[in-house]
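Dear colleague,

I am passing on the structure below, followed by some notes on what was found in it. Please read the notes alongside the coordinates.

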Amino acid sequence: MSSQGRPTAEEVERLLLGLPPRHTRAGVAELSGVPQELAARIWRALGFAQRADDAVAFTDADVEALRRVRHLLDTGLLDEETVVRMARALGQTTARLAQWQAEIMTSAMLPPEPGDDDLARILDATRGLLPDFERVLVHVWRAQLAAAGTRLLALADLSDEPLLTRVPMAVGFADLVSFTSRSRELDERELAALVEGFESRASDVVASHGARLVKTLGDEVLFTAPGAAQAASIALDLVEADELRIGLAYGPVVPMMGDVFGTTVNLAARLTAIAHPGSVLVDAALAAELDGEPHGFALHRIRKRPARGLGVVQPFVLRRSSL
């Protein structure tokens, strides 16, 4: 491709997919040995648009991917529903990753008013960077999978439920103070910098304590930790880095689709809502877990508060011990 002129959609697809489309929906299903109905479910789960029956829209790589799905099914270790769920996890995660990385690349390389040649330059840069990106992606995925497996083993040691349907852990919400009013005063770039800065600092703090950042919601992050002391250290580090209000709770949660659910999660969210700016509130269960911990924590009981949907709760203010 010439480095001059606006790149076409076909050029982008050829660069990133590597192969031209050669197959219809029926053809790719037949060549892979995966029934058409299941193949359609997998493409939808991956987040791709439905194609017309006669559209030549699939590559040889799509055939090979479905053949690997066929192999997974033939082993008998995974059934069709599990394969579709795995496809949905892969599709949703990689869609966000791809969008995020594309935004980073364009913001780093494009001038405020880009022209066609600037867009072509990004495509040329992508061609050079793609092999390294791909290898790093696989390495990081394996490392994250190892970390997830380690966390599951640690949780299994703490839980009486062998299938980890409900496991005890600490859950924390951290919320940027006055985000709505601050966002009105910022332009788009400044707002993006505020959110990205908050999320990156939160991610660094959570990772440094060996915990997990479950998700980010712009002005709020949700994290989990196997132990109360880990969660408390994270919360105190976070509140010292940003103007936040934080709620922590400890108890059983339901891990599902990479997220966490249950009363413990709801309680952490409610505590965040009633916390004063710059403070960390914890529930009675987490306070009990911290009791006697030699980690320099101080807890101050405050008056009981109503928490929507949860009745009256007993919060504690968490601070660093002065001793």
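Which kind of contact do the side chains of Asp-259 and Lys-215 meet in? They meet in a salt bridge, at 2.9 Å from N to O, where a salt bridge is taken as a side-chain nitrogen of Lys or Arg within 4 Å of a carboxyl oxygen of Asp or Glu. Asp-259 lies in strand β5 (residues 259–261) and Lys-215 in strand β2 (residues 212–216), so the pair ties together parts that are 44 residues apart in sequence; helices (H or I, at least four residues) and strands (E, at least two) are DSSP runs, numbered from the N terminus. Asp-259 counts as buried at 13% relative accessibility, whereas Lys-215, at 31%, is partly exposed (buried is under 20% relative accessible area, exposed over 50%, partly exposed in between, with a 1.4 Å probe and protein chains only).

Before going further, please note that this is a predicted model, in which local features need pLDDT of at least 70 and side-chain atom pairs count only at pLDDT 80 or more, while totals for chains, interfaces and linings use all residues. Residues are numbered from 1 along each chain as its sequence is written, and side-chain values use heavy atoms, with hydrogens and water left out.

As to the overall layout, the protein is divided into domain 1 (9–123) and domain 2 (167–320), with bounds that come from an automatic or database domain assignment, and the C-alpha centres of the two domains lie 36 Å apart. The unreviewed UniProt entry carries the annotation "domain: Guanylate cyclase" for residues 170–272, and such annotations may be inferred rather than shown by experiment. That span, residues 170–272, is 50% helix and 33% strand, and its end C-alpha atoms lie 14 Å apart.

Helix α5 (residues 80–109) has 30 residues and reaches 43 Å from its first C-alpha to its last, close to the 44 Å expected, the expected span being 1.5 Å times one less than the number of residues. Its buried residues are Val-83, Val-84, Ala-87, Gly-91 and Met-105.

The count of salt bridges comes to eleven. One of them joins Glu-81 to Arg-41, with the closest N and O atoms 2.9 Å apart, and this pair links distant parts of the chain, since Glu-81 is in helix α5 and Arg-41 in helix α3 (residues 36–46), 40 residues apart. Arg-127 forms another with Asp-124, and both of these residues lie in helix α6 (residues 116–158), three residues apart, about one turn of the helix.

With kind regards
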